[in-house]
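Q: Please take me through this structure. I want to know what stands behind each label.

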Amino acid sequence: MRRHPLAQMIALGVFAAIVGTAIVLLMDWFPTGADTAAPTIDTLYDVLLVFSVPIFVLVMSVVIYSVVKFRARPGDMGDGAPIHGNTRLEVFWVTVPFLIVTGLSVYGWVVLNDIEKKKPNTMIVNVTAQQFTWHFDYPGQKVTSDQLMLPKDRPVEFRLHSKDVIHSFWVPEFRLKSDIVPGMTTKIRLTPNRVGSWNVVCAELCGLGHSTMRQQVTVMPSSAFQAWVQKNGKGGQQAAGGGQAGGAAAGKSAFASNGCAGCHTFKASNASGTVGPNLDQLKAVAAKREKGKSAAAYVKQSIEDPRAFTVKGFPKNVMPTTFKKDIPPQQLDALVQYLLGGGK
Ligand code: CUA
């Protein structure tokens with residue numbers, strides 16, 4: 001029972017395409033969604049799979065089949081039969097992909113446009129990314145935080161800013177993701193609809209500490225969010241070392257708000273980063289480096305001009321050079337004292 005190669009090829013291709021599509025549709029691509037956009041995006045993703053996987057599998061099986069079936073046998077020096085163009089076939093393979101790609105683009109655009117529609121009662125959250133940490137600022141609530149807290153069922157607009165290089169803001173449970181480009185403000189709008197804790201992860205390679213650039217996001221009932229705002233709002237912030245207050249509180253606050261914990265270990269601040277040197281050992285290292293310079297001057301220089309000296313065993317050019325510009329002198333002095341004093 002010998003069948004024509006073309007029929008054999010198509011039968012094989014169709015069979016493989018069905019199996020391939022079934023496999024990818026059965027796969028769990030994303031974690032359980034936590035915002036109103038998740039179901040629509042999951043559907044969009046499945047539709048894209050249904051259009052792209054069968055075509056990919058079909059083309060690949062036809063190619064592999066042809067390579068095996070029509071390979072040159074030993075002693076075969078010929079070029080094979082001459083091939084003529086086939087206008088009908090060419091029109092077909094240009095038109096069909098064009099229609100599919102156009103249709104999918106329009107569908108994707110409609111879905112995104114619908115998700116990003118402005119909604120009433122939207123809360124603004126300014127997100128600042130830097131190597132290798134995140135800061136969140138709620139202008140309407142007058143709160144700044146290193147953790148992302150969100151009330152359930154309230155629309156949020158994230159305004160994304162970067163202090164240094166390109167990062168990418170992504171919470172897999174929310175599905176939406178956006179690059180953060182220095183000098184630009186990019187936006188994401190979504191409405192969380194499930195209570196729980198997940199991670200904000202950076203999805204753009206941004207340096208050695210990229211993989212550590214993650215922070216918790218917590219979605220909570222509206223009442224709990226209000227309580228959090230009350231506790232961490234303007235009043236609480238000042239007590240934590242704002243204004244003129246100096247000393248350890250100011251140092252601790254400077255450590256937290258500049259993302260030092262993203263890279264360094266420092267017990268007093270519950271920091272356990274491993275990208276840069278362990279700051280619990282700072283005093284010993286600084287003492288060794290003194291040579292006519294005070295330990296405080298060395299630490300200050302290491303923050304303002306991190307390229308001047310790299311601790312042995314750590315890679316060069318990793319620490320951001322933006323701190324000289326970002327930390328006011330008073331705060332910087334407090335930070336230096338805080339670090340040298342082991343948190344006191
Ligand atoms: Cu920031 Cu990767």
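Q: Why is Arg175 called buried?
A: Buried means under 20% relative accessible area, exposed means over 50%, and partly exposed lies in between (1.4 Å probe, protein chains only). Arg175 has a relative accessible area of 11%, so Arg175 is buried.

Q: What kind of model is this?
A: This is a predicted model: local features need pLDDT of at least 70, side-chain atom pairs count only at pLDDT 80 or more, and totals for chains, interfaces and linings use all residues. Residues are numbered from 1 along each chain as its sequence is written, and side-chain values use heavy atoms, with hydrogens and water left out.

Q: What makes Asp42 and Arg175 a salt bridge?
A: A salt bridge needs a side-chain nitrogen of Lys or Arg within 4 Å of a carboxyl oxygen of Asp or Glu. The closest N and O atoms of Asp42 and Arg175 are 2.8 Å apart, so the pair counts.

Q: Where do these two partners lie?
A: Asp42 is in helix 2, and Arg175 is in the loop between strand 6 (167–170) and strand 7 (177–180). They are 133 residues apart, so the bridge links distant parts of the chain. Helices (H or I, at least four residues) and strands (E, at least two) are DSSP runs, numbered from the N terminus.

Q: Is Asn121 buried or exposed?
A: Asn121 is exposed, because its relative accessible area is 54%. Asn121 sits in the loop between helix 3 (87–115) and strand 1.

Q: How many salt bridges does the structure hold?
A: The structure holds 7. Among them is Arg189 with Glu157, at 2.8 Å from N to O. This pair joins strand 8 (residues 186–190) to strand 5 (residues 156–162), 32 residues apart.

Q: Why do Arg189 and Glu157 count as buried?
A: Arg189 has 16% relative accessibility, so it counts as buried. Glu157 has 5%, so it counts as buried too.

Q: How do you know that Lys300 and Asp333 form a salt bridge?
A: Their N to O distance is 3.6 Å, so the pair meets the cut-off. Lys300 is in helix 8 (residues 295–304) and Asp333 is in helix 10, 33 residues apart. Lys300 is partly exposed at 30%. Asp333 is partly exposed at 38%.

Q: Why is the pair of Phe266 and Tyr338 called edge-to-face?
A: The ring centres are 5.3 Å apart and the planes stand at 70°, so the pair is edge-to-face. Phe266 lies in strand 11 (residues 265–266) and Tyr338 in helix 10 (residues 329–340), so the pair ties together parts 72 residues apart in sequence.

Q: Are Phe266 and Tyr338 buried or exposed?
A: Phe266 is buried, at 0%. Tyr338 is buried, at 2%.

Q: What makes Lys177 a charge over a ring?
A: The rule asks for NZ of Lys or CZ of Arg within 6 Å of the ring centre and within 35 degrees of the ring normal. Lys177 lies over the face of Trp170, at 5.4 Å from the ring centre.

Q: What joins Ser168 and Asp179?
A: A polar contact of 3.1 Å joins their side chains. Such a contact is a pair of N or O atoms within 3.5 Å; within protein, one must be able to donate a hydrogen and the other to accept it, and residues adjacent in sequence count only if both atoms are side-chain atoms. Ser168 is in strand 6. Its relative accessibility is 0%, so Ser168 is buried.

Q: Which peptide bond is cis?
A: A cis bond joins Gln131 and Phe132, with omega about 0°.

Terms used. Rings of Phe, Tyr and Trp (its six-membered ring) pair if their centres lie within 6.5 Å; planes under 30 degrees apart count as stacked, over 60 as edge-to-face and the rest as tilted.
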